[in-house]
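Colleague: Mind if we go through this model together? I'd like to talk about salt bridges and helix packing.

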Amino acid sequence: MALTHHLPTPSSTFFPLKPSLNPNHLTSALKFLPPLHSLPSNCFPRRRRRCRTTDSLRCYSSFSNKHNGSKDIVELPLFPLPLVLFPGAILPLQIFEFRYRMMMHTLLQTDLRFGVIYSDTTTGTTDVGCVGEIVKHERLVDDRFFLICKGQERFRVTKLVRTKPYLVAEVNWLEDRPSGDVEEDVDELANEVEIYMKDVIRLSNRLNGKPEKESQDLRRNLFPTPFSFFVGSTFEGAPREQQSLLELEDTVLRLKREKETLKNTLNYLTAASAVKDVFPSSSSSSSSS
């Protein structure tokens, strides 16, 4: 789905209010590693029965349903941004461009949900995104909006319905399919990813001169699928990798890819920590510069 020709430059349409996911920048290689303990405790759903797609569709009653033999297709306003939103993640935004102020006025009177799709000047615009639900908002005197949004369902754009004043598209919902690897213990894999995350945080804190706190429960009783989205949401400085993770429809494959990324990062941190131990003065002087 080529949406690029219908999009404004992403940086001209919005100003993101950076959430508490910002990493402590050790090097550019670690740019995607935030302090995970700073995430709100209610960012992601606990273990509970998943709503069926047909049930969640009722939340979109303000959009035009396009049945055509399928109840899973709806019309959704789209917001192209140079970032990736995951289900369960929190996204603060400031809206100031006129077309998106118009969109906010409409949403606040009808439905509080819109589609966030990743867009940049190099790769263009993707056709897989995530619904953002407005959970808090503030309208300023100059008609700008401050929003706090939470990621909901993933979707794929199937058809552009309107391009002005903002994009509206037909979308259908994406859900992870059962993994083809029936022998893979997905719960054990999620636990392994959590261990790698803890090790990365521990070494990152050490290299940044922070106290090594006692290991915390990063998974927080999440099922493997929402936990995989949580992990992907922390790779904040690598949006293309995040987009690839968002588009995967297999929890096992997503967790394996995240495990490999964290493993490589841990190897890098281990080497950096060894250098710091051998040359502590040079490490501190280079970090200060």
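Colleague: How far apart are the closest N and O atoms in the salt bridge of Glu194 with Lys198?

Modeller: Keep in mind that this is a predicted model, where local features need pLDDT of at least 70, side-chain atom pairs count only at pLDDT 80 or more, and totals for chains, interfaces and linings use all residues. Numbering starts from 1 along each chain as its sequence is written, and side-chain values use heavy atoms, with hydrogens and water left out. A salt bridge here means a side-chain nitrogen of Lys or Arg within 4 Å of a carboxyl oxygen of Asp or Glu. For Glu194 and Lys198 the closest N and O atoms are separated by 3.9 Å.

Colleague: And what separates Glu194 and Lys198 along helix H3?

Modeller: Helices are DSSP runs (H or I, at least four residues), as strands are (E, at least two), numbered from the N terminus. Because Glu194 and Lys198 are four residues apart in H3, what separates them is about one helical turn.

Colleague: Which of the two is buried, and which is partly exposed?

Modeller: Buried means under 20% relative accessible area, exposed over 50%, and partly exposed in between (1.4 Å probe, protein chains only). Lys198 has 26%, so Lys198 is partly exposed. Glu194 has 9%, so the buried one is Glu194.

Colleague: Is Arg154, which meets Asp176 in a salt bridge, buried or exposed?

Modeller: That pair sits at 2.7 Å, N to O. It links distant parts of the chain, with Arg154 in strand E6 (residues 145–162) and Asp176 in the loop between strand E7 (168–174) and H3 (186–207), 22 residues apart. Asp176 has a relative accessible area of 14%, so Asp176 is buried. Arg154 is at 4%, so Arg154 too counts as buried.

Colleague: How are H3 and H4 oriented to each other?

Modeller: Their axes (lines fitted to C-alpha atoms, for helices over the stretch in contact) give angles from 0 to 180 degrees between N-to-C directions. H3 and H4 (residues 224–233) pack at about 25 degrees, axes 10 Å apart. Angles under 35 degrees count as roughly parallel, over 145 as roughly antiparallel, 65 to 115 as roughly perpendicular and the rest as oblique. H3 and H4 are therefore roughly parallel.

Colleague: Which residues in H4 meet H3?

Modeller: Contact means heavy atoms within 4.5 Å. The H3 side brings Val186, Asp187, Ala190, Val193, Glu194 and Met197. Facing them in H4 are Pro224, Phe227, Phe230 and Val231.
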